Amino acid sequence: MERFGASEALLKPQRPVLLRITRKQAVESEPHPADRHVGRQIATVRVQSDVSQGQLARAIGISFQQLQKYENARNRVSASMLYEIATSLGVPVSRFFEGLPGNDESRGQARPLPVDERLEFIASAEGRHLIEGLMNLPPRVRGRIASLIALLGEELALLDRKGDA
């Protein structure tokens, strides 16, 4: 019996192990905020690099639909796939985690994840359809349409302010 007690003592950790326990998400179908953040960062870097979803998907050997799922956080990105994406876009893997709470030197200053509605719209089916349509237009016409949309936005904002007054 002593022998069992001695081996059991060897298995016990010498110092306490500290684990940060997080509550499991209430809704399993909701993507984790970190997955959303990484997906948005992939989309941001891709757009900044002037690379289409199709181009990036071909470069890393997946379908563009799969890339859309990564960017929209419907599917999680594996470490190896994140490495392939980073390599293809010419950025360090850490670029996709920038701005993620708890991932910076000042851990005490964690802030909520930024929500960029523009990127979400661009990644949506409606946004992709709009951009594809715009890209089929001559550059001069695209510029005029962009000006028209900006003017409409200003007019609607002005009407909203007048309605609130």
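Two residues are said to be in contact when they have heavy atoms within 4.5 Å of each other. With that meaning in hand, the predicted model can be read from its overall fold down to individual pairs of side chains. Among contacts in the protein chain with a separation of 6 or more, 51% are accounted for by residues 24 or more positions apart. Of its 165 residues, 20% count as buried. The accessible surface of the chain comes to about 12800 Å², and carbon and sulfur atoms hold 57% of that area.

The largest nonpolar core has 15 residues, and the members that touch the most others are Ile 42, Ile 62, Leu 67, Ile 85 and Phe 96. Two or more residues of this core come from each of helix 2 (33-48), helix 3 (53-60), helix 4 (64-71) and helix 5 (79-89). Helix 5 supplies the largest share, with five residues. Once its neighbours within four places in sequence are set aside, Ile 85 is in contact with Ile 42, Leu 56, Ile 60, Tyr 70, Val 77 and Phe 96.

Another residue to look at in helix 5 is Thr 87. A polar atom of the Thr 87 side chain lies 2.8 Å from the backbone oxygen of Tyr 83. Across the sequence, Thr 87 can also be placed relative to Ala 59: the two are 28 residues apart along the chain, with a C-alpha to C-alpha distance of 9.9 Å.

Ala 59 leads on to helix 3, where buried and exposed residues can be told apart by side. Gln 53, Gly 54, Leu 56, Ala 57 and Ile 60 are the buried residues in this helix. Viewed down the axis of helix 3, these buried residues fall within an arc of 165°, so they line one face of the helix. Arg 58 and Ala 59 are exposed on the other side. The packing partners of the buried residues of helix 3 are helix 2, helix 4, helix 5 and helix 7 (125-135). After helix 3 comes Gly 61, with a positive phi near 80°.

Helix 4 can be described along similar lines. Here Leu 67, Gln 68, Tyr 70 and Glu 71 are buried. These residues cover an arc of only 160° around the axis, which puts them on the same side of helix 4. Helix 2, helix 3, helix 5 and helix 7 are the elements against which the buried residues of helix 4 pack. Helix 4 is followed by Ala 73, and the phi of Ala 73 is positive, near 65°.

The structure holds four salt bridges, and three of them are taken up here in turn. In one, Glu 30 pairs with Arg 36, with 3.1 Å between the closest N and O atoms. Glu 30 counts as partly exposed because its relative accessibility is 40%, and Arg 36, at 33%, counts as partly exposed too.

Another salt bridge joins the side chains of Asp 35 and Arg 76, at 2.7 Å from N to O. Asp 35 lies in helix 2 and Arg 76 in the loop between helix 4 and helix 5, so this pair ties together parts that are 41 residues apart in sequence. Arg 76 has 61% relative accessibility and therefore counts as exposed.

A further salt bridge is formed by the side chains of Arg 46 and Glu 71, which meet at 2.6 Å, N to O. This pair links distant parts of the chain, with Arg 46 in helix 2 and Glu 71 in helix 4, 25 residues apart. Residues count as buried when their relative accessible area is under 20%. Arg 46 has a relative accessibility of 7% and so counts as buried; Glu 71, at 4%, counts as buried as well.

Definitions and conventions: Residues are numbered from 1 along each chain as its sequence is written. This is a predicted model: local features need pLDDT of at least 70, side-chain atom pairs count only at pLDDT 80 or more; totals for chains, interfaces and linings use all residues. Side-chain values use heavy atoms; hydrogens and water are left out. A nonpolar core is a set of buried Ala, Val, Leu, Ile, Met, Phe, Trp, Tyr and Cys residues joined through side-chain atoms within 4.5 Å. Buried means under 20% relative accessible area, exposed over 50%, partly exposed in between (1.4 Å probe, protein chains only). Helices (H or I, at least four residues) and strands (E, at least two) are DSSP runs, numbered from the N terminus. A polar contact is a pair of N or O atoms within 3.5 Å; within protein, one must be able to donate a hydrogen and the other to accept it, and residues adjacent in sequence count only if both atoms are side-chain atoms. Accessible areas come from the Shrake-Rupley method with a 1.4 Å probe; for residues, only the protein chains shown count as cover. The arc is that of the directions from the helix axis to the C-beta atoms.
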